[in-house]
Number of protein chains: 2
Amino acid sequence: MTTHMQAEVQEIPAATARFLGANASAAADAGAALRARDPGVLVTVARGSSDHAASYLKYAVELVAGVPVASVGPSVASVYGRALKLDGAACLGISQSGQSPDIVAMMESAGRAGALTLALTNVAGAPLARAAGHALALSAGEEKSVAATKTFVNSVVAGLLLLAEWQQDTALREAVLALPGAFEEALSCDWAPLADRLVRAQSLYVLGRGPGFAIASEVALKCKETSGLHAEAYSAAEVLHGPAAIVQDRFPVLALGVDDAALPGVIQTAERLAAQGADVFLTARGAGGGVRALPHVAALHPIVAPLVLVVSFYAFIEALARRRGFDPDKPPYLNKVTETL
Amino acid sequence: MTTHMQAEVQEIPAATARFLGANASAAADAGAALRARDPGVLVTVARGSSDHAASYLKYAVELVAGVPVASVGPSVASVYGRALKLDGAACLGISQSGQSPDIVAMMESAGRAGALTLALTNVAGAPLARAAGHALALSAGEEKSVAATKTFVNSVVAGLLLLAEWQQDTALREAVLALPGAFEEALSCDWAPLADRLVRAQSLYVLGRGPGFAIASEVALKCKETSGLHAEAYSAAEVLHGPAAIVQDRFPVLALGVDDAALPGVIQTAERLAAQGADVFLTARGAGGGVRALPHVAALHPIVAPLVLVVSFYAFIEALARRRGFDPDKPPYLNKVTETL
């Protein structure tokens, strides 16, 4: 039997192609508005998986545009009633449904404060899109699974396209336009050795760095949500500061390395944890000391490479959830839209 | 036998009084410089516990000053070699030793980019302090335990004093000056019921909101570091979006509520998790449904209240570590200064 999640993961290449086909001019307009504003800071507002997309874009924007990015809790406006000083800023809201009242309130507050406002929503014309000066529709189609997959991917794709237009970065734009093909290839990367290790595991560390850290956070959330696995994301640079204390005795670790400037550090961390006795899996080649390499798509632009990894992971975790006795479409205690209390 | 950690936790009220006595004029000067700059964004640079202090200050600065705060990974400069656009910004570096080369590099990069630079270090005159335009010495005295306690507390105290001076916020300044007394009271809050529950636990969720979320992150790190407990911090607003899937069957949850605008939401989340079967402990009164209240210091300024909780927690976790068979002074595999790879 095919689950909704399985069908939606397989649909990712087509969903991304659909988004790219529909949003070329809207992205160019929003990019031009960002160029004209030249913001001193980009503020992001999002929750859950959408906040992981925002975190991915934080690293991408800082590395490509050199503009600092602040993730602001919607509660600053909705709970604490505080307006931020945002007259030289841009504000990006990300929400699949575009309906969460606290995120809409934060976006409206940012607009009143003078920020350039942009929204990414899957539901076109949602309240969040209407509250923003520029809106891109994610065009991922209906997502029936509680676990967001194709909408997460298209959120990041949308943000990267916006960034490429803003910075007029031709290499990044070409890498984004080539993503549907890379995602097809990612779906055929088989992470079976990791599944065999995790079928009875209780805990997992997921490591990444730069945009790969945002993917590590998304991976850890999906492990909990679909498979009851207490996975936690760490920056590969932070894990040796304290969290490594519980890594021993075959503790499983998934290190999300990609071929970028941070890879040597990620490899060293992976090797050190393996030397402590951990079972370490790495999505790159080049590590020794018993670290096992997982298949991955090679020769990608470093800013898009971590996003391609998540597509392989989604196919993997859907299957792992079923092996662990969960229905990935129906995580316990969760609903698709969570009202924030 | 007294451990170093135990002695250092007991010393917190005196260490904070020492900091406050030594830094009144340096904090006033730095606050005046922030007022003159009127930054559009505050960028923070830190790792480990110091990054939790930065996260605390993020919420405090956003709520009190209305200025967005971006935590920037030191790797942006040190690994990826990217200079950020920071001419209208302020940059705050926090490091106990003040020696981490990547944090010093990021601070130097921020200074070259035109940011107003400020440093908080425990070691006076450390490289990070020398790289900054303004520096406050944390004056916590030598910290022998690998687990940072009094230096963490003084980092937050220093940042809050800076904020009070910057904003000329008399109520906040008075609350900061009263902290040594509040910390004394916090040391006598006994969390024994939580210790009884955690003595054999493997996992724990720690929930907080606003500045309390930063304390939740610090609590979770210390649980791992000293006691081999896989604790993870969540925003009380986020936990129902997915992580709640693994909360059932007496899963332990520590909810760090304080008497502020977010408390009703924290209480509702605590009650909902308790209804799922979790063992929920809350550092506030007012919850029903089997949620157990832990003793806490009452009637505090909402911006300092979460910091007072961490002092009760430190005394608690040092004792729990010993009950779980760990030496809190010597976590496995950790060193005091971690070189980031």
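# A look around chains A and B

Visitor: Leaving aside neighbours within four places in sequence, which residues is A:L254 in contact with?
Guide: In this predicted model, local features need pLDDT of at least 70 and side-chain atom pairs 80 or more, while totals for chains, interfaces and linings use all residues, and side-chain values use heavy atoms, without hydrogens or water. Residues are numbered from 1 along each chain as its sequence is written, with chains lettered from A and ligands numbered from 1 in written order. Contact means heavy atoms within 4.5 Å. For A:L254, the partners are A:W191, A:L194, A:L204, A:Y205, A:V206, A:L207, A:V219, A:F281, A:T283 and A:L294.

Visitor: How many residues has the largest nonpolar core?
Guide: Such a core joins buried Ala, Val, Leu, Ile, Met, Phe, Trp, Tyr and Cys through side-chain atoms within 4.5 Å. A:L254, A:L307, B:L254, B:L307 and B:V310 have the most contacts inside the largest core. Its residue count is 212.

Visitor: What share of chain A counts as buried?
Guide: Buried means under 20% relative accessible area (exposed is over 50%, partly exposed in between; 1.4 Å probe, protein chains only). Chain A has 341 residues, and the buried share is 65%.

Visitor: Is B:Q168 buried or partly exposed?
Guide: B:Q168 sits in the loop between α8 (150–167) and α9 (170–177) of chain B. Because its relative accessibility is 45%, B:Q168 counts as partly exposed.

Visitor: What distance separates the C-alpha atoms of B:Q168 and B:A28?
Guide: Along the chain, B:Q168 and B:A28 are 140 residues apart.

Notes:
Helix = DSSP H or I, 4+ residues; strand = E, 2+ residues; numbered from the N terminus.
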